[in-house]
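Dear colleague,

Please read them with the model open.

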Amino acid sequence: MMSHHSNLVDTLQNARQATAAMLKERDHNFSLPQPFYCDDRLFDIDMQEIFGKEWLIAGMTCEIPAKGHFISLQIGKNPIVVVRGAEGKIHAFHNVCRHRGSRLCVTDKGKVAKLVCPYHQWTYELDGRLLFAGTEMGADFDMAQYGLKPVNVKSAGGYIFVSLAENPPAIDDFLRTLEHYMEPYDMENTKVAVESRLIEQANWKLVMENNRECYHCNGSHPELLKTLLEWDDVTDPRASQAFKDQVAACTKRWDADKIPYAHASFGLRNRIVRMPLLDGTVSMTLDGKPGCNKLMGRIKDPDLGSMRILHLPHAWNHCMADHMIVFTVWPISAQESLVITKWLVHKDAVEGQDYDPQRLREVWDATNVQDRRLAEENQRGINSTAYQPGPYSKTYEFGVINFLDWYSERMLHHLDGTPSQVPQLRQVA
């Protein structure tokens with residue numbers, strides 16, 4: 001048994017060394033070597049070193065508005081629960097009973113007085129303390145030793161971030177900026193109007209690569225291009241003078257209303273920027289008109305374009321005046337991913353009166369399905385013996401290059417202690 005265990009350790013160590021070597025040797029302007037998209041061992045390393053150590057968006061604070069409200073999620077093999085405790089404090093724990101390991105919360109969300117294990121009714125306070133284990137454990141049983149195992153949690157701007165790492169990477173600078181940019185939305189007074197879950201038969205990195213470029217948009221996303229402008233900076237050489245004039249007019253209005261919009265980046269992990277939508281449209285709906293009649297927070301101008309928020313490894317967002325959309329990608333296996341999309345509106349907006357959920361979601365429902373097909377066909381081709389890394393366009397796919405530079409830097413930092421260096425932001429050439 002010992003030799004079998006040591007063989008497993010050797011195999012894992014070999015896989016980690018091979019992964020680091022491939023990352024050090026790769027061409028930064030090409031897609032990754034095949035194992036990064038297909039190999040089960042490399043998927044396990046992704047889960048340990050990226051999803052097991054970086055900050056992830058677990059959900060929104062409005063989903064747990066009051067004491068006892070919880071949401072649960074799955075990060076690889078790790079079930080997690082996030083719960084609102086006393087005095088509004090947000091806690092996160094491994095969703096694992098300290099008795100025999102059963103999951104405590106078995107639904108995606110809910111409200112409880114205490115966290116009670118359904119197996120043997122061990123009962124925990126909302127701050128994780130064990131309150132009841134029954135007399136069966138004996139008089140000398142020390143309940144203080146068996147509280148729930150905590151998970152790092154932070155919240156800002158309506159977002160809840162968790163990290164499974166013992167010492168997570170620094171994120172407070174980004175969170176302060178996110179808080180400032182989200183202030184107009186008054187996120188504590190929002191709600192999730194509708195949500196979708198889509199399983200894609202593709203590696204999570206292919207899902208993210210597809211998101212990081214709009215090179216494919218003209219051929220694949222007719223609904224999205226009714227409102228979305230693909231570039232997000234006036235310095236983009238593809239941007240027309242008309243676009244630059246539109247940005248100038250919009251930013252003048254946004255300044256007057258104290259609406260943040262300037263491009264803010266934190267290495268390659270995070271980016272926030274507000275950009276106009278197609279001239280004459282104000283929201284990501286099929287007709288470009290508001291999807292919700294009640295604007296969010298203190299916003300008065302329906303024409304705020306879309307504030308785009310990137311959070312690597314797994315999330316992107318579009319924040320408009322009337323609603324916002326939060327996308328998160330959750331790896332399931334080497335060739336399977338879950339994409340969760342949430343549409344948020346003002347909490348006082350009335351369904352059927354202020355908004356129609358079907359109308360709110362139809363553009364991104366269509367776009368998500370189109371992207372799923374693209375990612376799945378991408379995966380099928382990469383599985384071929386004929387696949388070899390292909391070149392990215394430095395103009396149209398610089399966002400993909402940035403994503404993989406971030407991924408490579410973090411993997412190498414975690415795998416072999418390569419000093420953490422902020423990769424250079426690749427702008428369009």
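**Cysteines**

Cys214 and Cys217 are each buried, where buried means under 20% relative accessible area, exposed means over 50% and partly exposed lies in between (1.4 Å probe, protein chains only). This is a predicted model, in which local features need pLDDT of at least 70 and side-chain atom pairs count only at pLDDT 80 or more, while totals for chains, interfaces and linings use all residues. Residues are numbered from 1 along each chain as its sequence is written, and side-chain values use heavy atoms, with hydrogens and water left out.

Cys214 and Cys217 form a disulfide with their sulfur atoms 1.9 Å apart, a disulfide being a pair of cysteine sulfur atoms within 2.5 Å. The torsion about their S-S bond is about -105 degrees, so this disulfide is left-handed. The structure holds one disulfide. Cys97 is in no disulfide, although the sulfur of Cys117, the nearest cysteine sulfur, is 3.9 Å away; Cys97 is buried, with a relative accessible area of 3%.

**Nonpolar cores**

A nonpolar core is taken here as a set of buried Ala, Val, Leu, Ile, Met, Phe, Trp, Tyr and Cys residues joined through side-chain atoms within 4.5 Å. The largest has 69 residues, and those touching the most other members include Tyr37, Trp204 and Tyr407. Helix α9 (residues 398-416) gives the most to this core, with nine residues; helices (H or I, at least four residues) and strands (E, at least two) are DSSP runs, numbered from the N terminus. Domain 1 (56-163) and domain 2 (186-383) both contribute residues, so the core lies between them; the domain bounds come from an automatic or database domain assignment. A second, separate core of 32 residues includes Cys62 and Phe174.

**Charged pairs**

The count comes to 24 salt bridges, each being a side-chain nitrogen of Lys or Arg within 4 Å of a carboxyl oxygen of Asp or Glu. Arg253 and Asp301 meet in one of them, at 3.0 Å from N to O, and this pair links distant parts of the chain, with Arg253 in helix α7 (residues 241-256) and Asp301 in the loop between β13 (270-275) and β14 (306-311), 48 residues apart. Arg253 counts as partly exposed at 31% relative accessibility, whereas Asp301, at 15%, counts as buried. Arg361 forms a salt bridge with Asp365, their closest N and O atoms being 2.5 Å apart; the two are four residues apart in helix α8 (residues 357-382), and are therefore separated by about one helical turn.

With best regards
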